[in-house]
Amino acid sequence: MNKRGANNSNSRLYWYAATGNNALWDFYQFAGADGIDVPPSGLDVLLLNQGGGAAAPMLNKTGLNWALYFGTSALLFSVFNVGIAPFNPILQALALYAAIWAPDIVYNYDGGIQNSDRVKEVFYHEYAHAAHFAALNNNGYWNDNILYIANNFLTNNNSPYGGRGTPGYQRCAIIEMWGHHIGPFYADRKYEQPSKFDRFPMTRLRLEDYRWKYRLERFIPDVGGKS
């Protein structure tokens with residue numbers, strides 16, 4: 001794992017762990033009020049001091065076999081943004097790690113200083129995936145999407161979403177739609193306005209247009225060929 005200065009401190013790790021835990025409790029409260037499903041209990045959340053993003057492979061809850069753990073390790077690497085070729089010793093070691101601990105949620109926190117609202121928005125997004133997984137009660141549906149994303153990574157097919165026409169893109173679009181909706185919607189309920197107005201000039205939008213929920217209307221999923 002990358003270790004650069006203060007990014008490697010235990011205090012930083014504990015802050016992200018606490019913020020992720022608080023976001024989960026927020027999610028349970030918000031979902032209960034909205035009458036929607038919640039993530040399954042006993043989520044295995046893996047925090048990594050890596051650059052990259054986050055994911056909800058739900059490996060622990062799906063109970064995948066060892067062969068599939070190794071076959072989908074490319075998914076974890078696409079999230080880690082390590083940028084190395086598949087099937088080398090480092091990849092094999094990480095695949096073994098995933099096979100043993102099998103995280104449900106992966107969050108990489110080495111992305112610079114981030115405020116609570118932005119961190120929680122990502123956690124809300126991933127917990128929405130976990131709730132979707134629980135509501136489906138269909139491991140095959142989720143496993144097929146994991147393999148779809150891993151294949152996009154291995155074939156360099158607009159990773160991780162693929163493109164319109166890629167077999168399985170509809171399923172991936174449905175899963176990601178739910179995460180992209182819940183993330184900013186619950187961040188808006190918790191914080192309303194994002195911590196930094198750094199994307200849209202104040203002269204173009206009213207102050208209220210900066211609220212997290214308005215980002216739902218500005219998100220165009222097909223930009224860049226994403227499904």
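1. Apart from neighbours within four places in sequence, His-129 contacts Ala-56, Trp-142, Ile-175, Glu-176 and Gly-179, where contact means heavy atoms within 4.5 Å. His-129 belongs to helix α6 and is buried, its relative accessible area being 4%; buried stands for under 20% relative accessible area, computed with a 1.4 Å probe on protein chains only.

2. The model is predicted, with local features requiring pLDDT of at least 70 and side-chain atom pairs counted only at pLDDT 80 or more, whereas totals for chains, interfaces and linings use all residues. Residues are numbered from 1 along each chain as its sequence is written, and side-chain values use heavy atoms, with hydrogens and water left out.

3. Helices (H or I, at least four residues) and strands (E, at least two) are DSSP runs numbered from the N terminus. Three strands make up an open sheet of mixed pairing, ordered β1-β3-β2; pairing requires that DSSP finds at least two bridges between two strands. The pairing of β2 with β3 is antiparallel and spans 2 bridges, and Ala-54 stands opposite Tyr-107 in β3.

4. Helix α6 lies across β1, β2 and β3 and runs at about 160° to β3. Such angles run from 0 to 180 degrees between N-to-C directions, and axes are lines fitted to C-alpha atoms, for helices over the stretch in contact.

5. Which residues touch the most other members of the largest nonpolar core? They are Phe-27 and Tyr-127, in a core of 30 residues. A nonpolar core is a set of buried Ala, Val, Leu, Ile, Met, Phe, Trp, Tyr and Cys residues joined through side-chain atoms within 4.5 Å. Two or more residues of this core come from each of α1, β3 (105-108), α6 (116-136), α7 (139-154) and α8, and α6 supplies the largest share, 8 residues.

6. Beyond its neighbours within four places in sequence, Tyr-127 has contacts that include Gly-20, Leu-24, Phe-27, Pro-39, Val-45 and Ile-105.

7. The axes of α1 (residues 10-34) and α8 (residues 169-191) come within 11 Å and cross at roughly 95°. The two helices are therefore roughly perpendicular to each other, a term covering 65 to 115 degrees. Asp-26, Phe-27, Phe-30, Ala-31 and Asp-34 of α1 make this contact with Ile-182, Tyr-186, Arg-189 and Lys-190 of α8.

Notes: Parallel < 35°, antiparallel > 145°, perpendicular 65-115°, else oblique. Buried < 20%, exposed > 50% of the residue type's maximum accessible area, 1.4 Å probe, protein only.
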